[in-house]
Each structure stands twice: as C-alpha cells, then as structure tokens.
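Hi there,

Here is the structure I promised to send over. Please have a look at it first, and then read my notes below.

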Amino acid sequence: MPSIPTFNPASTLAQPIAHLFLVLGIVMMSILLLVTALVLYVCFRFRQRPGTSEPRQNFGREGMEIAWTVAPLLLLAYIFTITVHAMHGADPGISADRQPDMVIVGHQWWWEARYTNTNVVAANEIHIPVGKPFLVRLESADVIHDWWVPQLGRKMDAIPGDPNDFWLEADSPGIYLGTCAEFCGAEHAWMRIRVSAESDAEYERWSAHQLEIPPQPVAGDAALGAVLFEQLTCANCHTISGTSAKGKIGPDLTHLAERQTLAAGVLENTPSNLERWLSDPQAVKPGIHMPNFEMTGDQVRDLTAFLEALR
Amino acid sequence: MSDAPYIPGTSDVSIVRDIDARSGLLSWLSTVDHKRIGIMYLLLSLVFFAAGGIEALLMRIQLARPNLNFLSPDTFNQIFTMHGTTMIFLVAMPVLTGMANYLVPLMIGANEVAFPRLNALSLWLLAFGGLLLYFSFIAGGAPAAGWFNYAPLSERPYSPTTGVDYYALSLVILGIASIVAAINLIVTISKFRAPGLSIRRLPLYVWMVLVTQVLILLALPALNASLAMLLVDRLLNGNFFVPLGGGSAVLWQHFFWAFGHPEVYIVVLPAFGIISEVIPVFSGKVIFGYEFVAASTVAIAVLSFLVWAHHMFAVGLGHPVDLMFAVGSMLIAVPTGVKIFNWIATMWGGSIRFTTSMLFAVGFLVMFTIGGLSGVSFAAFPIDWQVTDTYYLVAHIHYVLFGGTIFAVFAGLYYWFPKMSGRMLSETLGKWHFWLMLIGFNVTFFDQHFLGLMGMTRRTFTYPDLPGWAVLNLISSIGAIVMGLAVVVFLWNIVASLLHGEIAGDNPWNAWTLEWATSSPPPPDNFKRLPPVRSRRPLWDLSHPDNPDWKYGR
C-alpha cells in the first residue's frame, strides 16, 4: 500500500511503529466488532414487541462488573508491554557524547538543514545515505514546527529555545515525502519535506557537489540577473556561495536549480514556475515573508536565468 | 412523607414567581428562573452550533479539492480556530450547562437552583463572552492560532492582530461563567435534594453533572491563569511563553492541557449522564450496575488530571514522562469501558422502544466506542508519534465529541423537549434527523482516519494532489453537507413541533425520575407536590406498588 506511508515503513525506526499499529489495530477492530455485534444483537433481540410483558428488573451483578474491569486491564497491560517495545525500537537511546550529524531548523515556512560534518547547507530537500542513522538536532527559528516523514519514523517537534535530538534513517533508496505537522501560521500547509535516501557513493557525490561554487555567469540574461540579485536586496536574506550574498533569513540558493520544488513544495521547479514565483511570491504563497518586489518582466526573466543556472 | 408538601429550594422564590408572572421579552431577559435560563443557554448554544457548523462547511468546501482558493490561508486559519473554539466553549459546554440548569433542580425535586441571580449572571457572561469572541471578526481579524493557541505562535510577533486578545479575554469571561455555574450546581445538588433523595439515590445524570462541576472548578482556573499570562505577554511585553525573553513555549502546552484534558471529560461526562437516563427508560429496565456507573465516573474524573501530557508526546519530553502519561491514558479506558458494558447490559433482556432519543443513544454507543478505541491508539504513544496532528486525530476527536457528546445531547433533547415545551418532537422528522446524521457523520469522519494514515496533517488550508487524497477529501465534504441537512431537519422539527407538536402530558415516556412528576412545562416553582422518594426511581415505585425498588434497598 504505497499510498499509506505509515503502514509502508522504509526505515528500521518506522517499522516498530507500523507493527505496533497493526497489532493494536487488530485488537481495536475486534473490540469494535464485539461491541457493535452486541449492540445490534440486543437491539434486534430485545426490541419491544406487541404483547410482551414488562421486563425483569436487574440491578446488576458484581461478578460481571469485575470481569469487564479486569479483562480490559489485562489487555491494556499487554498493550503497554508492546508499546514499550515499540518505543525502544522507534526511538533508540542517544549516548551523551554523540554529536549530531545534522541540524534541521524549522522556519516559517521552510526547512533548513545544516550538515555538521561537511558544512553542507540544504533547504526542504534533504539527502541522506541509505542505512546510516543520522542523529538530527531539531531547532526552530520562530514558532513550534514539527518534523514528520511518515515512512521514516516518528514525529518530533521543533521548539524554539528547546532543541530535540532524534534519529533519521532510511533502509532503502527513494524519495520520502513529509511535512510540518504542527500548525505554525499562514502557510503551514506548504512546509513540505523531501528526503532523498541514496547509496553512499551518490550521497558523497551530492555532498561534494554542494560545496562547489556554482559557475558565475559572464554574459547574457543570467549575468544581468546576478547583478539584480545584489541590487534588489535578495542578498539580504539569501546566501549564494561564491557571491557576496550571505543572508541567513531565507533558504540558501547556492544550488537552487537542482531542487525538485520551489517554496517548500508549492511548485515544481521549472523556469516558468520560478518566473511566476518571482513576479509575485504573495500570489503563490500568500502570507510568506518574502515580499513582492514588483519587478519588470525583463528583470524577472534575468533573475530566473541567473537562478536556473545555479547548479 | 407528610401531607404538607415540602419542596426544597431558595427562600426568595417569590421573586421568581413575580417576574415570571409577566410575559414578553423583558420577562425572559430579566428572569432568574433556572428553567428559562436553561432554555436560553440551549438557544445560545444552538445559535453558536449553527455558526460553528457553517465554519465547518466553509472548511469542507475549501478542502473538497486540492489547491482550491475558495478561502485564503489566513481566512481558513481564522475559520478553523473559531470552529474549534466555538464548538468547545460556546456549544459543548453551554449546551450541557443549559441542560443541567434546566434539569438538575427538577430531577432532585427542588424549586430553584441555590443562587438564581448568580445563575443569570453566568448566562449573560456566556452571551457576552461569545459575542466578544465573534466581534473579533470585525475588529481586525479573528484569532488564527488554533483553539489551543500554542505559544509562541499566539504571541504578538506571530499573531499581530487583536484576534488572540479577543480569544483570551472571551475565554476568561466564559471561564468565570463556567465556574459560577459550577458552584451554583454543586451547592444546589448538595443542599436542595428532596427528602429521601440521598446521594446514593441521585439519578445518574445528576451524579455525572456533579462530578463534572467539580472538574470545572479544578480545571478552569488553570486555563484562566494561563490566559492572563498570555495577555501579560501580549499587552504588557511579558515573557512567560516567549523563548527569546527567557520564557518557555512548552509551558503554555502544560498549562493548557492541564485544563484541556479534564475539559474533554467536562464535555463528555454529562453526555454519559444523559445516556444513563435514556437507555434504561427506553429499555424498560433499571440501570445495570448503578454503583459501578457512578464510581467509574469518579475514577475518570480523577484520572483526567493525570493524562494531560498525552497531548504532548511529540514535544520530546523523554521516555519516562511519555510512559507515565501512557499508563494514565490507558487506565482511563477501563472505567469508560465499564460504562459501555453496563449500558449494553441494561438493554439486555429489556423491551426496547426505538424512539429517536433511543436511536441517538444507540448511535452514541457505537460512535463513542470508535472514538474511545482510537484514543487508546494515541496512548500507545509510538503510534501517536505517527498520527498526532493528522486527520486521524481530527477523526478521533469528532468521534468523541460529536459521535459522543453531540449524539448524547440529541438523545437528551428528544427525551426532555416534551418536558421543556409541553409538546412532543415529531418522531418522523426525528428519524430523518437521526439517519441523515449517522450516515453524514460517518461519511465525513470515518475516511479521515485513512487520510491521516496517508500523511495528511490537520489545519492545512489545502493539500498536494497525492494519490487518494483528493477523493477521500471530496467524500468527507459530501458527508459534511449531509450532516448540514440533518441539522436543518432538526431545526425544522423544533419549530414545527413547538407550533403543532402533539401535547406531551406530564410523563410521555413512562419515565421514573422526579422531573416527570410535574406538569410539562413545569410551573415557575416546579412542583405542586413531590411524590415520596424511597428509591432511585420514585415514579416507578408509584406505578409498581407491588414491586417497588425500595423493596430491594435501591
């Protein structure tokens, strides 16, 4: 069932939860069927029929009360034990001296990922090597957000002033979709996550490439766009390595052209969509902190050419 | 029982009579009669139910297809915040307080509540608080931080309009109204019971109302205190919940849920009480295991203060804390299950009359069981780590609060409407109402379980067109429209029945508790005389002189 990610785990951390849910689901369904069957039986069997005499009054039976108190208690004791088991599997302990591999910061409304060992910085699209658990430190730059990639395991809140550590791991290659799960304001709906799990070699290649400085355009629309990027104050909020743009408010745009989506999942990353975005971000993602710079058509085209060359 | 009728109650009942002797709008606005106040509570909650329902329909239109622009993100966020706040504080609480106001004095054989003027105060505070909340729409925007209003999103930098201020002020006022009403009901039940009506003979509805008022008294101050702190933050530059200023964002959650989880039982226990009256009467049998139904209510109330952090499993509080709150949350399923089994045992061997009231009660049994069972899955908290804040949770709360509380309220309204108005509600329209509601409710909410499992989070104004999402959302929206139709049938039923309904008589259902021992509607001072109370079912004893309950010591 690929469209039900919670039951289609792709991580040793998500597997125990799916298993617990399956067992508990069977228990819950059985109880629901029992109660529903009892109610329907009683309704049918004991409905008022013409000429029936007044029913016998039954004030209760202590034995039955004890039975239906103790039986659920035993069942819950069992559920508790499998809960503890799943807890250890889904959220393994972290030794005190283990340093995080990655710091993920929730922003209104995008994700920033900083790889601590390599200094790679990514936004919204996060790459990890298959089968290697990453320790993630989760932080927030503003309000409470929540990291959730159902196929990879537990949710975790990103709380300002109160970082949380958790493990992130995928056991097979693929793209895993997730989203912010804690309501965080106007554009909470568009704070989506793409985790790309890849082989060691691919991951290393990606990682090394992220540290490369993108080629600087020397002529044409893209060169004009590079100038505009600095003139129009884009650089105040965004970073592009190899240029003077060092802003930290918005996503790092160094390799923007390689991302699959724009604006944390609102649009597919195509030149025409990027033009649409730059002409009026507020029309695409109303409420976002990036203002409408009211650029001319030429300016939008130049900037798009520049940004789409950032590979 | 002596011949001279002794009816417990307030000594200044003459005021009640004088005012009610007049007619017209002023007599309603100035009334201190608990019955009129109760009816006005019900009417107010009906108005807000309509408002909250329209908000729900607006959301379902926006979510019917992916990437719609029917509502802007900010408008959607205001609407869902107002929907939740309205349904909890302006519908569920007042409809239950209103019913308690009307019924408790009648069910315990009193002529009034203990403090009639205070009673009027809590009603008008409710009306004022509700208007204040809705005034925010025209004062610059409604609150848009969700009904539990997490900090720091609810702080001024992230919620710069006055919406959250209106939210906080309005809820403080509603909190005071609830506490006033709780004190009133506790004193009334403690002091004004008819001779012979010992605490062990109280109707179960009154039992559960009593326990609920204790919960209100203990839980609401936590909310009011944290709202005051939030207002200090927002208006006086305080830092209680502002991490940058040394405050704590998580603190708000602890405070809010220390109120918020007892709150769930504040709006569920009286519903249990209604079911505990309706099922026995329409089964023709005394409640099975009275003591266990009452004692399990107390157990739920105690446990309800020990489970708040199960709303916070994703906060990262650590395994020991998670485990502790998981134990409490699982335990609470036991007394709840005890009730379900006792209700079914009451029906067992009975002679069941399927009135609309009973249909809603039976619907409640199954719908509430679904909500209760999905609740256990949250207590097994690794599951909560996956499904909290998704549509699975939206489905869960609606199975508890709509399939539970609101179904029970409908059961209660069909049951007691004849007492309140003197006329029967139409059973034909009632059955339309029930079946449309049952089908519409399940079509709307059952599929939301799957949406949650498929990864759809709550509180998003739209969603990407991922496989299966669009069709399930469309089905859910169609269900919501069916529910809307059911409510229209209900409103039509009320109006038509008030005008042309069959005359009810004192005791149309052959019920057994004291409210059926007076005329329908009751006179301003409730009773001309009270029957002797020698058991839990005084009217049963009267009609069964050869087989009264008191023979069995009940």
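What follows is a short tour of what I found.

First, please keep in mind that this is a predicted model. Its scores are ipTM 0.96 and pTM 0.95. For chain B, the mean pLDDT is 95, with 96% of the residues at 70 or more.

Let me start with the sheets of chain A. One is an open sheet of five strands with mixed pairing, in the order 3-2-1-5-8. Strand 3 and strand 8 (164-168) of chain A are at its edges; each has a single partner strand, so one side of each lacks a neighbour in the sheet. On average, neighbouring strands here are turned by 25° against each other, direction ignored. Within this sheet, strand 5 (residues 134-140) of chain A pairs with strand 8 of chain A in the antiparallel sense, over five bridges. If you want a place to look, Phe134(A) stands opposite Leu168(A) of strand 8.

Another open sheet of chain A is also built from five strands, with the order 4-10-9-6-7 and mixed pairing. Here the edges are strand 4 (125-129) and strand 7 (156-158) of chain A, each of which pairs on one side only. From one strand to the next, the twist averages 25°. Strand 6 (residues 145-148) of chain A and strand 7 of chain A are antiparallel partners over three bridges, and His145(A) has Ala158(A) in strand 7 as its bridge partner. Helix 3 (residues 200-211) of chain A lies across strand 4 and strand 10 (192-198) of chain A, and runs at about 135° to strand 4.

Now to chain B and the core. The largest nonpolar core has 280 residues, and those touching the most other members are Ile108(B), Val206(B), Ile275(B), Val278(B), Ala361(B), Phe364(B) and Ala411(B). Helix 15 of chain B gives the largest share of this core, 21 residues. What does Val206(B) touch, leaving aside residues up to four places away in sequence? The contacts of Val206(B) are Val104(B), Met107(B), Ile108(B) and Ile189(B).

Helix 12 (residues 333-347) of chain B is also worth a look. From first C-alpha to last, its 15 residues reach 22 Å, close to the 21 Å expected. Of those 15 residues, 14 are buried, so helix 12 of chain B is largely enclosed by the rest of the structure. After helix 12 of chain B comes Gly349(B), with a positive phi near 80°.

Finally, some backbone details. Most residues other than glycine have a negative phi, and most peptide bonds are trans. Two peptide bonds to check are these:

- Ala151(B) and Pro152(B) are joined by a cis peptide bond, with omega about 0°; Pro152(B) is in the loop between helix 5 (116-135) and helix 6 (163-191) of chain B.
- Ser520(B) and Pro521(B) are also joined by a cis peptide bond, with omega about -10°; Pro521(B) is in the loop between helix 17 (469-500) and helix 18 (538-543) of chain B.

As for phi, Asn119(A) has a positive value near 65° and sits in the loop between strand 2 (110-115) and strand 3 (121-123) of chain A. Asp389(B) has a positive phi near 65° too, in the loop between helix 14 (381-387) and helix 15 (391-421) of chain B. Are these residues buried or exposed? Asn119(A) is exposed, because 10 other C-beta atoms lie within 10 Å and the cut-off for exposed is 12 or fewer. Asp389(B) is buried, because it has 21 C-beta neighbours inside 10 Å and the cut-off for buried is 20 or more.

Best wishes

Notes
Residues numbered from 1 in each chain as written. Chains lettered and ligands numbered in written order. Predicted model: local features only at pLDDT ≥ 70, side-chain atom pairs only at ≥ 80, totals over all residues. pLDDT = per-residue confidence, 0-100. Helix = DSSP H or I, 4+ residues; strand = E, 2+ residues; numbered from the N terminus. Expected span 1.5 Å × (residues − 1). Core = buried A, V, L, I, M, F, W, Y, C linked by C-beta atoms within 7 Å. Contact = placed C-beta atoms within 7 Å. Pairing = 2+ DSSP bridges. Axes fitted to C-alpha atoms, helices over the stretch in contact; angles between N-to-C directions.
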